[in-house]
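Walk through this structure from its domains to its core and then to its ligand. Keep the sequence beside the coordinates as you read.

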Amino acid sequence: EKIIFSGAQPTGSLTLGNYIGAIQNWKALEKEYQCLYSIVDLHSLTVRQDPKEFNRVCLSFLVQYLACGLDPVKNILFFQSHVPQHTELSWILNCYTYMGELGRMTQFKEKSDKHKDNINSGLFTYPVLQAADILLYKTDVVPVGEDQKQHLELTRDIALRFNQVYGDTFTVPEHHIPKVGAKIMSLQDPTKKMSKSDEDSNGTIFLMDSEDVIVKKIKRAVTDNEGRIAYSDHQPGVKNLITIISTLSGKSIEAVVESFEGKGYGALKTEAAEVVNETLKPFKTRYEDYTNNLDYVVSVYTKGAERASEMAETTMREVRESLGLITLK
Ligand code: AQP
């Protein structure tokens, strides 16, 4: 059975970008593959977190995964920090990754520009921990948004490099980037990706936003003066709304564009808000249900950690042996 791994960092709250670019595909893949979907909590530590709030956000992310409809029996849903092999492998892979490679990562450049007062080495080696997350499970396919393409290329390079020295140890993973919706843009600046940590929260739709807030944010979405509804790079705001409607409704881009012939931006926004709210309705009900059943949520991550640890340890035994480390008898 093919293995899928993906994850999200628990900071803030899941966005519509996370949902369309990643989670919607995770759900589609769970039918055919053994999927591991992690909450990569250690990745969030590159930015200072308030412990109490961080704890709450981490748990809320698992509840959000469940509320998105991810099946906790078919899939392995777990916290990265519950499987210490991630950090063990990360250290080892650090020794097979060059400073130059990490310095070229655009996310590092962007994030170090943004957090000038805290450019820590974790931020620099972040892609190596990500490589460890993926390689630890001999992952075949990684479903991610467009922004993660460069990191995945690096993961492949590290895997190939290691395999070349020690023989076939890691599976070299492929990415799975959706054809449409791989990059949902900010509603306020449609040339920028929609992001959890955007200072202007009007640009980002959070899955937890109320229906009214969603309507307001979409009504205020930046468009243009063209006055026609076309799927074009010259009209990034309009294109973004069309993408949202298409990916959530399952209608083709052409069908969506056609349905707005002769109509204005107001109609486009109304439809976008309706589709988003319709999609998120069951999410919100389930979020409430799981929040009221935290024992169940605990049992999900306990079981997830057990299942993930078993797979991780199998790989690590091979890796330690390949490296010539003395194994405990
Ligand atoms: N705007 C987006 N469009 C499509 N896909 C997206 N993803 C993120 N933003 C978009 C995909 O969601 C998955 C989980 O992302 P992550 O938790 O690693 O966070 P991120 O990429 O760091 O997302 P943010 O929202 O930009 O968070 P901050 O602002 O905290 O850095 C990934 O598969 C990602 O591709």
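Two residues are in contact if their C-beta atoms, placed from the backbone, lie within 7 Å. The model is predicted: local features need pLDDT of at least 70, side-chain atom pairs count only at pLDDT 80 or more, and totals for chains, interfaces and linings use all residues. Residues are numbered from 1 along each chain as its sequence is written.

The protein divides into domain 1 (3-182 + 294-323) and domain 2 (201-288). These bounds come from an automatic or database domain assignment. 14 residues of domain 1 are in contact with 14 residues of domain 2. On the domain 1 side, α1 and α2 (51-67) each supply at least two residues. Helices here are DSSP runs of H or I, at least four residues, numbered from the N terminus. That side of domain 1 holds nine nonpolar, five polar and no charged residues. Nonpolar means Ala, Val, Leu, Ile, Met, Phe, Trp, Tyr, Cys and Pro; charged means Asp, Glu, Lys and Arg; the others, Gly among them, are polar.

Now turn to the largest nonpolar core. Among its 77 residues, L16, A272 and V276 touch the most other members. Leaving aside neighbours within four places in sequence, L16 is in contact with I184, M194, I205, L207, I244 and V276.

Finally, the ligand. Around it are 21 residues, of which A8, G17, G21, G145 and S197 come nearest. Helix α1 (residues 16-29) gives the most to this shell, with five residues. The shell has seven nonpolar, 10 polar and four charged residues.

Note on methods: A residue is near a molecule or strand if its C-beta atom, placed from the backbone, lies within 6 Å of it. A nonpolar core is a set of buried Ala, Val, Leu, Ile, Met, Phe, Trp, Tyr and Cys residues joined through C-beta atoms within 7 Å. A residue is buried if 20 or more other C-beta atoms lie within 10 Å of its own, exposed if 12 or fewer, and partly exposed in between; C-beta atoms are placed from the backbone.
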